[in-house]
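Subject: Structure for you to look through

Dear colleague,

I am passing on a structure that you have not worked with before, and below it you will find my notes on what turned up. Please read them with the model open beside you.

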Amino acid sequence: MIISTKPFGRSFKVQLHIARFHASFRQASCDDFRQIELAQIRIAGELIMKNIVVVGAGKIGSTIAEMLSATGDYRVTLVDRSAAQLAAELPAGVATQELDIAAAGELEKVLAGKFAVLSAAPFHLTTRIAEAAAATGVHYLDLTEDVVSTRRVKELARGAKNAFIPQCGLAPGFISIVANDLASRFDTLESVRMRVGALPQYPSNALNYNLTWSTDGVINEYCEPCEAIVEGELIEVPPLEEREEFSLDGVTYEAFNTSGGLGTLAETLKGKVRTLNYRTIRYPGHAAIMKALLNDLGLRHRRDVLKDIFESALPSTLQDVVIVFVTVSGRRNGRLLQETYANKIYSHRVGNIVRSAIQITTASGICAVLDMLADGSLPAKGFVRQEDIALDAFLANRFGRAYAQHEMVSRLAS
């Protein structure tokens, strides 16, 4: 009888244990074979599985936990201070722990001995989680769009023996991977324009908007200064300004400056491009109302009030669409050329649950990066930028395939 080693071929340690079990099998009777095989599977599984902590049991965090657990390659603990959030239906394989991560030393206890921590918590908790990862030597990944938090993560990564990979979601995140891939096809660059939006498929209010993501995150990116490269100089530009309109598939959209979407790409392309900017996509009319709320009514200084208004008056929806639109121009072989990436991802069923497009794209982004870190495709120490990730490798990943355009075309046609 032959014992196949193919399921466990990813690790030298696994192969070593299998070889030992083969030797044991040669000395055993046939009655012992089943016990040897079960033990082989158990040990191989223990060696392969990675212990992961996901902080934040909201819409995105619970999706991340479910997606990772479903693979059988990760043992996931979902952490949140809210018992109600943790009480939501989760797969049997996901452990939960009620914890206030602000309590000194408590998060460090949970992280001890783990492979990685993934932050799906509000942006203002990002640095706390990153500091706990630094203290315990655990790999760190997050979804934050907050520029100040990312600067702190970068500081923590200096000289670290574990990896710090911030901004692993949609924007920042996948948008930088796409933009850098397009930019790499040119000899010299003229402009890189990045546009992303998570929109309701069926808008029904004056804002033409529904809650599909973190309310704190939306407000933060509407209020904080935005990075851009203008005439070759890295500068800050105001949020909600430089509004433009464009059409895609016969639908008119507006786009305007918001904070954080560039990630680290502004630093990477500084001195290499004349124009670089990031703008959020909305339906026309949204920016004007938001400017009135934030500027005329002064709610940028009372964010808690604005959050309460949004969460009380704007319904959430699972029927959304994520739009990714990147245009790069530059010279290749002396000719001025332009290349564009345009993609729409819709909400659909993941496992037994319908997930919104923003849940799917954001969770898939960080899960794909974790996968690539776990299999050795990414550096295992120091600061790792999103633009360090190859687009082809990302899209070939089992999670990254959520962004694959050919699969979306097939789904829409069915």
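**The chain as a whole**

The accessible surface of the chain comes to about 18,700 Å², of which 50% belongs to carbon and sulfur atoms; accessible areas here come from the Shrake-Rupley method with a 1.4 Å probe, and for residues only the protein chains shown count as cover. Please keep in mind that this is a predicted model, in which local features need pLDDT of at least 70 and side-chain atom pairs count only at pLDDT 80 or more, while totals for chains, interfaces and linings use all residues. Residues are numbered from 1 along each chain as its sequence is written, and side-chain values use heavy atoms, with hydrogens and water left out.

There are 15 helices and 17 strands in the chain, where helices (H or I, at least four residues) and strands (E, at least two) are DSSP runs numbered from the N terminus. Of the 414 residues in the chain, 52% are buried, a word that stands for under 20% relative accessible area, with exposed meaning over 50% and partly exposed lying in between (1.4 Å probe, protein chains only). If one takes the contacts (heavy atoms within 4.5 Å) between residues at least 6 apart in sequence, 67% of them join residues at least 24 apart.

**Nonpolar cores**

A nonpolar core is a set of buried Ala, Val, Leu, Ile, Met, Phe, Trp, Tyr and Cys residues joined through side-chain atoms within 4.5 Å. The largest such core has 68 residues, of which I64, L68, L118, L141, M194, L276 and V326 touch the most other members. Helix α13 (residues 357-374) gives the most to this core, with 10 residues. Apart from it lies another core, of 21 residues, with V55, A132, V153 and F164 among them. As general background, nonpolar side chains in soluble globular proteins tend to be buried together.

Once neighbours within four places in sequence are set aside, L118 is in contact with I52, V53, V54, V55, I64, L68, L141, I366 and L370. L141 is also the bridge partner of L118 in β5, and strand β4 (residues 116-119) pairs with β5 in the parallel sense over four bridges; two strands are said to pair if DSSP finds at least two bridges between them. Strand β5 (residues 139-142) is covered on both faces, with H139 and L141 buried on one side and Y140 and D142 buried on the other.

Strand β12 (residues 275-282) is likewise mostly covered, since eight of its eight residues are buried. T275, N277, R279 and I281 lie on one side of β12, and L276, Y278, T280 and R282 on the other. Strand β12 pairs with β7 in the parallel sense over six bridges, and M194 stands opposite Y278 in β12. The pairing of β8 with β12 is antiparallel, over two bridges, and strand β11 (residues 251-257) is joined to β12 by four bridges, again antiparallel.

Which elements cover the buried residues of α8? They include β7 (188-200), α10 (265-269), β13 (320-332), β14 (335-346) and α14 (391-396). Nine of the 10 residues of α8 are buried, including F174, I175 and D181.

F174 also belongs to a cluster that ring pairs form with Y341, F394 and Y403. Rings of Phe, Tyr and Trp (its six-membered ring) pair if their centres lie within 6.5 Å, and planes under 30 degrees apart count as stacked, over 60 as edge-to-face and the rest as tilted; by this rule there are nine aromatic pairs.

**Backbone points to check**

Most residues other than glycine have a negative phi, and most peptide bonds are trans. A cis peptide bond, with omega about 5°, joins A171 and P172, and P172 lies in the loop between β6 (163-165) and α8 (174-183). Phi is positive at E231, near 50°, and at L240, near 70°. E231 is exposed, with a relative accessible area of 56%, whereas L240 is buried, at 2%.

With best wishes
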